[in-house]
Amino acid sequence: MNRAAFAAVLSVLLLAGCRPATDAPDGAAPAPADNAPAPAASDAAPADPAAVDAAEAERPDEPALNVTTVDGEQYDLAAHRGQWVVVNFWATWCSPCLKEMPELSALHTMREHISVVGLAYEEIDVPAMQSFLNEHPVAYPIAIIDVYDPPADFDTPRGLPMTYLIGPDGKVARQFLGPVTAREIETAIEGSGGPRLDALPAGGPEQA
């Protein structure tokens, strides 16, 4: 994606997704004006629907993801076959993103059949992200995504947060645009053939 195209997409994200927080760390992408409209991310629309639909049609059934986390570790989605994987696109300035992080972290910790990876979709350097995560710790790995060259096997986010549920077979089972709860993820897993909610331990991640 060239810089002009990215600028158009980023404008959609900022105006049609969530409102950037005012306390974004140094190195984060600049926030829009305080009076910028912030409807739910589910209301967001791509700048060119026809182009986006064509791109989506070309996405592989089993997306690949190989990124370096802020801790310097290599994360390979293929290594998590057999698990349900939650791939969460987010940003430090996105209030709904921050609100869902504790539940995603609890899912990652409390459910053996679920793992989570966070993809920070913004321009921020590693030290700034590490500083942010010291204030907002999570149990799952975080990687910073190149906004000019996002993972090719996933759609460019139309809004944030944007979350994919990957099945044990490596295929996309569900996609969520906008905030998602632990219960919604577990319900989607049950609906896709995973463990039943009534068979899971009492006191789920949303109560952690």
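Trainee: Okay, which residues do the ring pairs link into a cluster?

Mentor: Phe 89, Tyr 121, Phe 154 and Tyr 164 are the ones joined up that way. Keep in mind that we're looking at a predicted model.

Trainee: And how many aromatic pairs are there?

Mentor: The count is five aromatic pairs. One of them is Phe 154 with Tyr 164: the ring centres are 4.8 Å apart and the planes sit at 75 degrees, so that pair is edge-to-face.

Trainee: Where do those two sit in the chain?

Mentor: Phe 154 is in the loop between S5 and S6, while Tyr 164 belongs to strand S6 itself, with 10 residues separating them.

Trainee: Are they buried or exposed?

Mentor: Phe 154 is buried, at a relative accessible area of 2%. Tyr 164 is buried too, at 4%.

Trainee: Switching topic. How many salt bridges are there?

Mentor: Five salt bridges. Take the one where the side chains of Asp 155 and Arg 59 meet, 2.8 Å from N to O. That pair ties together distant parts of the chain, 96 residues apart. Asp 155 lies in the loop between strand S5 (142-145) and strand S6 (162-166), and Arg 59 in the loop between helix H2 (49-57) and strand S1 (66-68).

Trainee: What about Arg 196? Which residues does its salt-bridge network include?

Mentor: The network links Glu 190, Arg 196 and Asp 198. Arg 196 meets Glu 190 at 3.8 Å, N to O, and Arg 196 also meets Asp 198, at 2.9 Å.

Trainee: Why does the 3.8 Å one count as a salt bridge?

Mentor: Because the cut-off is a nitrogen within 4 Å of a carboxyl oxygen, and the Arg 196 and Glu 190 pair is at 3.8 Å.

Trainee: New one: which cysteines form a disulfide?

Mentor: Cys 94 and Cys 97 do, with their sulfur atoms 2.4 Å apart. The count for the protein is one disulfide.

Trainee: Remind me what a disulfide is?

Mentor: It's a covalent bond between the sulfur atoms of two cysteines.

Trainee: Is this link left-handed or right-handed?

Mentor: Right-handed, with 75 degrees about the S-S bond between Cys 94 and Cys 97. As for cover, Cys 94 counts as buried at 0% relative accessibility, and Cys 97 is buried at 0% as well.

Trainee: Let's zoom out. How many helices and strands are there?

Mentor: Five helices and seven strands. Starting at the N terminus, the order goes α-α-β-β-β-α-β-α-β-β-β-α.

Trainee: And what share of the protein is buried?

Mentor: Of its 208 residues, 43% count as buried. The accessible surface is about 10,100 Å², and carbon and sulfur atoms account for 50% of that.

Trainee: Last one: what share of the contacts join residues at least 24 apart?

Mentor: That's 70%, taken among contacts between residues at least 6 apart in sequence.

Notes:
Residues numbered from 1 in each chain as written. Predicted model: local features only at pLDDT ≥ 70, side-chain atom pairs only at ≥ 80, totals over all residues. Heavy atoms only, no water. Helix = DSSP H or I, 4+ residues; strand = E, 2+ residues; numbered from the N terminus. Disulfide = S-S within 2.5 Å. Buried < 20%, exposed > 50% of the residue type's maximum accessible area, 1.4 Å probe, protein only. Phe/Tyr/Trp six-rings, centres within 6.5 Å; stacked < 30°, edge-to-face > 60°. Contact = heavy atoms within 4.5 Å. Areas by Shrake-Rupley, 256 points an atom, 1.4 Å probe, with all protein chains shown as cover.
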